[in-house]
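Let's take a walk through this protein together. Have the sequence and the 3D view open, and follow along one piece at a time.

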Amino acid sequence: MSDSIRFACTGCGKCCSGHHVPLTLAEALQWALAGGQVVVLIEGCVRDGPGMPAQQREHVLRRSHPVRCGDSELHVSVTFAAFNPGRCRNLDANDLCSIYESRPLVCRIYPAEINPHLPLRPENKDCPPEAWAQGPLLIHGSLPVDTELQALIEAARQADRDDIAAKVAICEALGITTTALKGNGFTAWLPDMAAFAAVLEQAPQAIEAPWAVHVQDEALAAELQRHGLQVTGEAPLYYAFIGF
C-alpha cells in the first residue's frame, strides 16, 4: 500500500449496494422506524482464550460485553446494521443518496476503515480505479489527513464502545442469545422491526440470559466446552450462521 492515498467519490453507488451498513443505536432506531430492516451480527470470544486475537485484544475488549455462557464468561460484540442485500433503499434513480444530509456515520467515513487494525486497501473497495486517481489526499501512512474525517472515525469507535452494553440488553430482550466464535463466523439475525424498535425505545437493562456459541467444527466445539462454554451445532431456526 502506498504511504499516500487520494480519493474522490465518483458517485457510482457501488458502495451502497450489497453492503450491510453498521449503525449506532440511534441510527438503528431511525432505520427501523423508517421502514428499513436491521440485521444483527454477533461474534464472541474468551478473554485471553479462543477467538481473542492477541494483537487486537484492547480493541476487542473495548467494543465487547461479557455475558454468561455455560459455566464460563464470553465477550460478545454486537453489530446492528442496515440490511442491504441489494441496493440501499435510500438510493435514488441516479444512484444518489436520498438521505445524504442524515446518512449513517459509517457512510460519512467511507472509504476509511473504523477498525484501527485494518489498513485502507483500495483493492478491497468497490470504488472504480479513477476514484483513487483524483481528489484530495485521504490517507498518509496509516492516518487520515483530514481532521474532520479523523473525528468521525473516533466518534464511530466511541459509539461502538458506548452502545455495546445496550445492544446486548436489547438482544437478550429479543431472545437473541446465540453467537459465533470470533474468527470462525457470525450469527446473523433478522428481528421483527416493530418488536426491535419497541425494545430500542424502552432501553432495557441486561437480564443476564444464558448464551450459547454456534460451532460446526467438532474439535473447536470440544475446545470451547473445555473452557466451560455452552455450544450448539444444531441447524438454526431463527438465525443464519455465516462461517469463515
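Start with an open sheet of 3 strands, in the order β1-β6-β7, where the pairing is antiparallel. In this sheet β1 (4-6) and β7 (143-144) sit at the edges with a single partner strand each, so one side of each has no neighbour in the sheet. A quick word on terms: two strands pair if DSSP finds at least two bridges between them. Strands (E, at least two residues) and helices (H or I, at least four) are DSSP runs, numbered from the N terminus.

Before going on, keep in mind that this is a predicted model, where local features need pLDDT of at least 70, side-chain atom pairs count only at pLDDT 80 or more, and totals for chains, interfaces and linings use all residues. Residues are numbered from 1 along each chain as its sequence is written, and side-chain values use heavy atoms, with hydrogens and water left out.

Back to the sheet. β1 is joined by 3 bridges to β6 (residues 137-140), and the two run antiparallel. To find the spot on screen, look for Ile5, whose bridge partner in β6 is Ile139. In a regular strand, side chains alternate between the two faces of the sheet.

What about cavities? On a 1 Å grid over the protein atoms alone, a cavity is a set of points where a 1.4 Å probe fits but cannot get out, while a pocket is an open set with protein on both sides within 12 Å along at least five of seven lines; lining residues have an atom within 4 Å of a point. Points are joined across faces, edges and corners, and a volume is the space filled by probe spheres set on them. The structure holds 1 cavity of 30 Å³ or more, and the largest cavity has about 30 Å³ of space. It is lined by His59, Arg63, Arg157, Asp160 and Arg161. By class, that makes no nonpolar, 1 polar and 4 charged residues. Again α4 gives the largest share of the lining, 3 residues.

Now for two loops. Gln56 lies in the one between β3 (38-45) and α2 (57-62). Gln56 is buried, because its relative accessible area is 16% and buried means under 20% (exposed is over 50%, partly exposed in between, with a 1.4 Å probe and protein chains only). Beyond its neighbours within four places in sequence, Gln56 is in contact (heavy atoms within 4.5 Å) with Asn115 and His117.

Thr177, in the loop between α4 and β8 (178-181), is also buried, at 16%.

Finally, follow β8 itself. β3 and β8 run parallel, joined by 2 bridges, with Glu43 partnered by Ala180 in β8. β8 also runs parallel to β10 (residues 212-214), through 3 bridges, and there Thr179 stands opposite Val213.

Terms used: Nonpolar A, V, L, I, M, F, W, Y, C, P; charged D, E, K, R; others polar.
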